[in-house]
Amino acid sequence: MKVSVDPESGFCPGVVTAIRKAEDQLNEGTQLYCLGDIVHNNQEVERLQQKGLVTIGHEDLARLHGAKVLLRAHGEPPSTYRTATDNDIQIIDATCPVVLALQRKIHRIYEAEHGQGTQIVIFGKNGHAEVNGLVGQTDGNAIVIEKEDEDITKVDFSRPVRLFSQTTMPVDRFKKLTAEIASRMQNPADFQSFDTICRQVANRIPHLRAFAEQNDVVIFVSGLKSSNGKALFEVCRQANPKSWFVSHPEDLKPEMTEGAETIGICGATSTPKWLMNAVAERLQKKV
């Protein structure tokens, strides 16, 4: 039985930077808080908690004073920065550069055009941390489309529309949504679409599909909270029906790999490489 770990799976650059910044502070003995899970992977969160990282929510942030708080790669709305200023909180900003550029672009267009009735539309997951940060750039006025067939009815096609995307959404769905909105606009010149999907994430899909096809069995490692993990696992499952989703080496069962000669291990952009290697080691011991 040959077990291989996909070399291209694992943390995206934004997550790598966030974790490096956290470890730099913790290694100096700094008391550090993180606003939300630093990454959607329980094992990595627990590893950093053992080093001293304390995960807090927005209600906790409002009660903190004079502390040091790390903002994860997903980004935050302007209200979070205002709270930090008011409470004398030092921000360690690990917002992904791709997300930060998107925030600035949305804010710039909103400020320039909201008086003209322009609607900012964001294709993404309602309530997701990144989307909350993007909506915050519009004073909460952006329209979020998560389910294309249902949410598109929120858009007024007689008014200008500027369409953006959460950075980790599927490219094909974004293109379909763009075409659908364009077809409904009363004045086509009133519509602009900005493809703001991160190619560091999107480009993994064809590679992952090929990786899944090359192996008898695929073990996909991801945290249950990771929306990226759910999406990429579906890519694997469609390419290879013998794909299994696990969050920890202990989730492995003998029937998952029965009869397989080649087993491929891969994961989400929020999956640490050390965790995929731990799954590989467990498999090499034949579960």
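1. Ring pairs join Phe220, Phe233 and Phe245 into a cluster, where rings of Phe, Tyr and Trp (its six-membered ring) pair if their centres lie within 6.5 Å. The model is a predicted one, in which local features need pLDDT of at least 70 and side-chain atom pairs count only at pLDDT 80 or more, while totals for chains, interfaces and linings use all residues. Residues are numbered from 1 along each chain as its sequence is written, and side-chain values use heavy atoms, with hydrogens and water left out.

2. The structure holds five aromatic pairs. In one of them, the rings of Phe164 and Phe194 have centres 4.9 Å apart and planes at 15°, so this pair is stacked (planes under 30 degrees apart count as stacked, over 60 as edge-to-face and the rest as tilted).

3. Phe164 lies in strand β8 (residues 161-165) and Phe194 in the loop between β9 (191-193) and α9 (199-202), so the pair ties together parts that are 30 residues apart in sequence. Helices (H or I, at least four residues) and strands (E, at least two) are DSSP runs, numbered from the N terminus.

4. Phe164 is buried, with a relative accessible area of 0%, and Phe194 is buried as well, at 15%. Buried means under 20% relative accessible area, exposed over 50%, and partly exposed in between (1.4 Å probe, protein chains only).

5. The rings of Phe220 and Phe245 have their centres 6.0 Å apart and their planes at 35°, so this pair is tilted. It links distant parts of the chain, with Phe220 in strand β10 (residues 217-221) and Phe245 in strand β11 (residues 243-246), 25 residues apart. Phe220 is buried, with a relative accessible area of 0%, whereas Phe245 is partly exposed, at 26%.
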